[in-house]
Amino acid sequence: MHATTTQSNSHQVPVLSLHGITKIFPGVKALDDVKLNLYPGEVTALVGENGAGKSTVVKILTGIYQPDGGTIYVDGTATHLPTAQAAAAMGITAIHQETVLFDELSVAENIFLGHAPRGVFGLIDRSAMVRKAAEILKSIGAEIDPAQRLRDLGIANKHLVAIARALSTDARVVIMDEPTAALSHKEIQELYELVEKLKAQNKAILFISHKFDEIFHIADRFTVYRDGQFVADGRVDEINEGELVKMMVGRNVNQIFPTRVPNIGKDVLEVDNMSHPTEFAGISFTLRRGEILGFYGLVGAGRSEFMQSLFGITHAATGTIKIDGEPITIRSSADATQAGIVYVPEDRGTQGAITALPIFQNITLPSLKQTSKNGFIRLAEEFALAREYTQRLDLRAASLDTLTGNLSGGNQQKVVIAKWLATQPKVIILDEPTKGIDIGSKAAVHEFMAELAAQGLAVIMVSSEIPEIIGMSDRVIVMREGRRVAEISRSELTPETLVRHAAGI
Amino acid sequence: MSGSNTATEVANVIPDRIKSRLEQSLKSWESLLMLVAIAIFIANSFASPYFLNAWNLSDATFNFTEKAYIAFALALLIIAGEIDLSVAAIIALASTAMGAAVQAGAGTPVLVLVGLGTGLLCGAFNGLLVTRLGLPSIVATIGTMSLFRGISYIILGDQAYRGYPADFAFFGQGYVFWVISFEFVLFVLLAIVYSILLHKTNFGRAVYAIGNNPTGALFSGIRVARVKFILFLLTGLMAGVAAICLTSRLGSTRPSIATGWELEIVTMVVLGGVNILGGSGTLPGVVIAAFVMGLVTFGLGLLNVPGIVMSIVIGALLIGVIALPRLWSKWKHR
């Protein structure tokens, strides 16, 4: 059933082993019967797309989530990890991208916060703490004075303190979740050396990264997940990049996308050389009527930031935007809405819907000019508009004055989309439109998107899900590190090309 | 909601409302507050034989009218998630400006313009600090509270401006008809205007949206900064209106004028059912709250309760008011 499982190293016993782990969130199976083995003195890379279930596994290993099924074995013994403390006590520790540290405390205090060595009367044994901190820092090759205040250190050294903190609990299993995301080239080299030191100390390391060069440089083993399911594992030296990419993206047969014959018309939106001081640079493209343009990239590629600047939220961007050939200036979301560009954000709870207001008020909020007369509200018109668009989207709710926050995620998303359709836009930008909603609603959103395009709306879809990008897009722009790195037409669209461009390999 | 109908076959028609608006308004905070007002009214009429007298009741309205003008605008500002604590200091500065204008020989129309203009300028200053510089409004307006009143003290010291023209007295002392004072008429007019503004216009809808979720409002194409700026302007303007009426009523300006009013005004707004964290509240609630506070202070005055005890009562009222809505919502959701 599973593609490749190597039988070598059977003499070695995993320190930590997951068997048949399942984790269910409302409407979504985040993990479905997955396995994972971590061996002492070896680095195992966990590989998968966004949404493959990697971060859910990390949260289960660190006691933050409880699995709904399956068993965790530590040293071959079935174990429960009910809390973060329990996980720490079993010697499992995680180095996250943003470990919380305290600027005003000393390095040693940061390392031992919460589990400092105690002396007489239960008071903190300062000299022991400083001595132990120095030992740990030395073991990872960090030349930092444990008595120094943290605020006086640079970013890279702070990162080392975070690592020292993770190791201060006598960890045997170290989880590194995208540890290189914020590091420079030189710092990454230092991190590699550190990983080698940890291996030499016989620690088992779980290394999570999107970057293939890192995986092939540092990892001994790999495990691939896709859509919450285990795909394959084995030794890194027995495979190549191409094989790994294939395992990651292998077509998911469960999802069915609407068949559509694109009816593409004239240019609607022309974006030329849009740049932002820090988030993105030199983005140009043209969008046509009836077209669905996919934007693919890894998390942090700058897609959302770019879209929000197109919608007038992020300022400071330079470049020109034309709608129907007319240059326009967008300084605010109100300007964008007026020009016919609307944005359905990824973060439904805070950006998309105003959950404390009723459904009809959410829907009419950007269209109040239509439903009012001289600035005075006309309730009948408001309800009529809300009724029309909630019916078009097949919204399920008790009444139109139900609070939006009382709806399910999928129905809230419908409210947000209805809100924007009521403004009769020219361009609709959907940012991760199906993230976190159940399969049924997903299909409904996809179908609706196809319908909108068929009616002549120009659609931009930002998505990190490869099946969705391939299933829905007429054309795809791939972004990496704030730049447009590729434009792929529908006929040339394959998972492999998408991943290659997004990861830069 | 029950899944009895075969959903995909039948056209999905969602009713507009389930509860009638009457039912919603009867179960509201405003209804409860109205009962409190009636109870205090009855208690007062038993407590003092002088209470149920048309002229005495008319006098009682002066206890809240000027504060209520500001409370109306401040209610909108607080619903939008901001606050202005400098309103009493704006009164002081506007009154000082009018006093200075009198010294320069200005007549009543100019005085009114100076009062309103000073209020608008102060409101604009607060608005710029919050919407342009992004300062938290509570900090910015505590700062301008000291700033505005400080300017008054520098100009006046322990002196006072007097000599306001005779026809200027109409705003604070004039009667439109029998016992109905100009201030009370203005109170009713402003109550209606602000009720319509908050409950019947697109602007009012934007105020609620911003107060509930400023990010969501921004992502819905609302000009959040502009709405907030206008609200600060309105609050400043109303402080100017209150300054005209109060100066006219007192006939003089001292830098200590209206000291401590900001807390009474905030109390009035919160008592009216406005959530101090923003997002909810109604204007009719604030109108009733104005009556409640006026009746309480006037009733205590008739009973010869000294001023220091009155401030204790106001303080207790404020705490009670913050606690009551929480108890009330617990009761309602049972």
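Two strands are taken to pair if DSSP finds at least two bridges between them. Helices (H or I, at least four residues) and strands (E, at least two) are DSSP runs, numbered from the N terminus. On this basis, A:Asp272 stands opposite A:Thr320 in S14(A).

The model is predicted: local features need pLDDT of at least 70, side-chain atom pairs count only at pLDDT 80 or more, and totals for chains, interfaces and linings use all residues. Residues are numbered from 1 along each chain as its sequence is written, while chains are lettered from A and ligands numbered from 1 in the order in which they are written.

**Domains of chain A**

Chain A is divided into domain 1 (1–91 + 174–250), domain 2 (98–170), domain 3 (263–340 + 425–505) and domain 4 (357–424), with bounds that come from an automatic or database domain assignment. Between the C-alpha centres of domain 1 and domain 3 of chain A the separation is 32 Å.

**Sheets of chain A**

Within it, strand S11 (residues 267–275) and strand S14 (residues 318–323) of chain A are joined in the antiparallel sense by five bridges.

A second open sheet of chain A has six strands in the order S16-S19-S20-S13-S21-S22, with mixed pairing. Here S16 (341–344) and S22 (483–489) of chain A are the edge strands, and the twist averages 20 degrees from one strand to the next. Strand S19 (residues 427–431) and strand S20 (residues 458–462) of chain A run parallel and share five bridges; A:Ile429 has A:Ile460 in S20(A) as its bridge partner. Helix H9 (residues 303–310) of chain A lies across S13 (292–296), S16, S19, S20 and S21 (475–480) of chain A, at about 150 degrees to S19(A).

**Helix packing**

Axes are lines fitted to C-alpha atoms, for helices over the stretch in contact, and angles run from 0 to 180 degrees between N-to-C directions. Two helix pairs are set out below.

| Helix pair | Axis distance | Crossing angle |
|---|---|---|
| H8 (241–249) and H18 (495–503), chain A | within 9 Å | roughly 110 degrees |
| H2 (29–47) and H14 (283–302), chain B | within 9 Å | roughly 20 degrees |

The angle makes H8(A) roughly perpendicular to H18(A), whereas H2(B) is roughly parallel to H14(B); angles under 35 degrees count as roughly parallel, over 145 as roughly antiparallel, 65 to 115 as roughly perpendicular and the rest as oblique. H8(A) passes H18(A) in a right-handed crossing, and the crossing of H2(B) and H14(B) is left-handed. A crossing is left-handed if the near helix is turned anticlockwise from the far one by less than a right angle, and right-handed if clockwise.

Residues are in contact if their C-beta atoms, placed from the backbone, lie within 7 Å. A:Val245, A:Lys246, A:Met248 and A:Val249 of H8(A) meet A:Pro495, A:Glu496, A:Val499 and A:Arg500 of H18(A).

**Interface of chains A and B**

The contact takes 34 residues from chain A and 26 residues from chain B. On the side of chain A that touches chain B, H14(A) gives the most, with four residues.

Definitions and conventions:
Two residues are in contact if their C-beta atoms, placed from the backbone, lie within 7 Å.
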